[in-house]
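Here is a short report for a reader new to this structure. Have the sequence and the 3D view at hand.

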Amino acid sequence: VGPILPGAEGALADVLLLLFLSAMAGAFGSLVGLGGGLFIVPILVVLFDVDIHLAVAASLVAVLGTSLGSASTSVEEGLTDVRIGMFLETATAVGGLLGAVIAVTILAQQGQVLILAFVPVVLVAALLMPRLHREDVRPDPPPDAWADRLKLHGSYYNVRQDREIEYKVTGTKAGLLLTGISGVGSGLLGIGGGLFNVPAMHAFMNVPIRVAATTSSFMIGVTAVAGAVVYLFAGDLSLPLVAPVVLGATVGSHLGVLAQPKFRAVTLRTIFLAVLPIAAGLMLLRGLGVLG
Amino acid sequence: MNAEAGRVARREESPVPPALRGVVSRLLLAGLLLAGGFFVLGLLLYLAQGVGLGDPDHAMGLSGPLLPSLAAGAPSAFVYVGLVVLIATPIARVVVSAGLFSTAGDRPFTVLTLFVLLVLVATIVVGVLA
């Protein structure tokens, strides 16, 4: 457990600033569909000088809050594929647990390694991002025995096209593997995992992008719980830090969902791709000890 | 085939217990709002007592038993309860889903959801023991 901001004198200003920045991270995260976790850890580590373990733990709890918020509406609306979500949760829960256990044991004293690990993940996010906007579903993917057996094929109502889109699920084993790895990343770095869940479901399992995004948000709750519990027992969940981060991120994420129709997808993507390298660069400098 | 027929065919192909969506979404919302209420109270108490983000006296948990701490208005006690409610919510969702899948006679999904539950419960048990 490392140093955090000194208390007392600047308490109110610090808390309000963190509340505001967490809300921005949550709003921006939900606008681009990747959750706020990607930005909360750099904000805490670089701006607030928070130990990386505490930052990851607080971010995981924030991710949990935003997941509950978005899933509570998308499950009801029927956009979330509950079956695919619960199928993949078997992998993400194990992954989330594993990632958090690695962070609090092997990497307990290796904060710099965790900070540096953030950099390639953020850059992969930037690379995967442009691929997230194809709406296509392959009509005749390779048959998949598990998908048939577990009845994972589905359909959803596409409002824009005013019709039911059916999708035939494939690549279940690849999906499990990739979302499991995504779970490890979530537990290690406090990100939601939507970053990898969505491409895994869309590109490998033939799930429509909108369904993949909401199903990922749904799964992330369970993934984050597996990790958060580990950090809680490891003494890495700092309560004064958690409260503003969770409240800010959850409210911000909800506002982001409401504001989404007002923004053009291209604009959001451009801002996102501009902000990501900045976040990665700051974490790199911090990890190398140049900054702070 | 019209759209209606397609929709009906889908429901037969990939059944989710009818009550599941409604129950799960209400459960998630209720958990979030309850946890949020405790977080707001905790945050306001922190601010009222001038506790900073990095105050070591409050950082890692409770200074005493939970209920007396709540009664005494200890901010960390409120945040802690919020945290527990937040963590318990997806676990409750998994429990409810397992029950509904089991009632619907969906053996594979009952097993899958119970596996997820096992992982989460094992995490807590290992944490308590360690």
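Are B:R93 and A:E89 buried or exposed? Both B:R93 and A:E89 are buried. Buried means under 20% relative accessible area, exposed means over 50%, and partly exposed lies in between (1.4 Å probe, protein chains only).

This is a predicted model, in which local features need pLDDT of at least 70, side-chain atom pairs count only at pLDDT 80 or more, and totals for chains, interfaces and linings use all residues. Residues are numbered from 1 along each chain as its sequence is written, chains are lettered from A and ligands numbered from 1 in the order in which they are written, and side-chain values use heavy atoms, with hydrogens and water left out.

## Chain A as a whole

Chain A holds eleven helices and two strands. Helices (H or I, at least four residues) and strands (E, at least two) are DSSP runs, numbered from the N terminus. Read from the N terminus, the order in chain A is α-α-α-α-α-α-β-β-α-α-α-α-α. The radius of gyration of chain A is 18 Å, close to the 19 Å of the globule rule for 292 residues, so chain A is as compact as a globular protein of that length. The radius is taken over C-alpha atoms, and the rule is 2.2 Å times the number of residues to the power 0.38.

The C-alpha trace of chain A spans about 60 × 40 × 30 Å along its principal axes. Of its 292 residues, 61% count as buried. Take the contacts in chain A with a separation of 6 or more: residues 24 or more positions apart account for 81% of them. Contact means heavy atoms within 4.5 Å.

## Where the chains meet

How many residues of chain A are in contact with chain B? The count is 65 residues of chain A, against 56 residues of chain B. The area buried between the two chains is about 5,200 Å². Carbon and sulfur atoms give 78% of that area. Buried area is the accessible area (1.4 Å probe) that two parts lose on being put together, summed over both.

Six residue pairs are in polar contact between chain A and chain B, both residues at pLDDT 80 or more. A polar contact is a pair of N or O atoms within 3.5 Å; within protein, one must be able to donate a hydrogen and the other to accept it, and residues adjacent in sequence count only if both atoms are side-chain atoms. Several elements of chain A give two or more residues to the side that touches chain B, among them α1 (11–32), α3 (52–77), α4 (82–104) and the strands β1 (154–158) and β2 (163–167). By class, this side of chain A has 43 nonpolar, 14 polar and eight charged residues. Here Ala, Val, Leu, Ile, Met, Phe, Trp, Tyr, Cys and Pro count as nonpolar, Asp, Glu, Lys and Arg as charged, and the others, Gly among them, as polar.

B:T89 lies in helix α4 of chain B. B:T89 counts as buried, at 5% relative accessibility. Neighbours within four places in sequence aside, B:T89 is in contact with A:L68, B:L27, B:L28 and B:G31.

## Salt bridges

Side chains of opposite charge can pair when their charged atoms come close. A salt bridge is a side-chain nitrogen of Lys or Arg within 4 Å of a carboxyl oxygen of Asp or Glu. The whole structure has three salt bridges over all chains, and the count between chain A and chain B is two.

| Salt bridge | N to O distance |
|---|---|
| A:R286 and A:D49 | 2.4 Å |
| B:R93 and A:E89 | 2.7 Å |
| A:R83 and B:D106 | 2.9 Å |

The pair of B:R93 and A:E89 crosses between chains, from helix α4 of chain B to helix α4 of chain A. B:D106 and A:R83 form another salt bridge, with the closest N and O atoms 2.9 Å apart. B:D106 lies in the loop between α4 (75–103) and α5 (107–129) of chain B and A:R83 in helix α4 of chain A, so the pair joins two chains. Both B:D106 and A:R83 are buried.

The side chains of A:R286 and A:D49 also meet in a salt bridge. A:R286 lies in helix α11 (residues 265–287) of chain A and A:D49 in the loop between α2 and α3, so the pair ties together parts 237 residues apart in sequence. A:R286 counts as buried, at 13% relative accessibility. A:D49 is partly exposed, at 34%.

## Two positive phi values

A:D49 has a positive phi of about 60°, although it is not a glycine. A:N206 is likewise not a glycine, and its phi is near 65°. A:N206 sits in the loop between α8 (194–205) and α9 of chain A. A:N206 counts as buried, at 3% relative accessibility.
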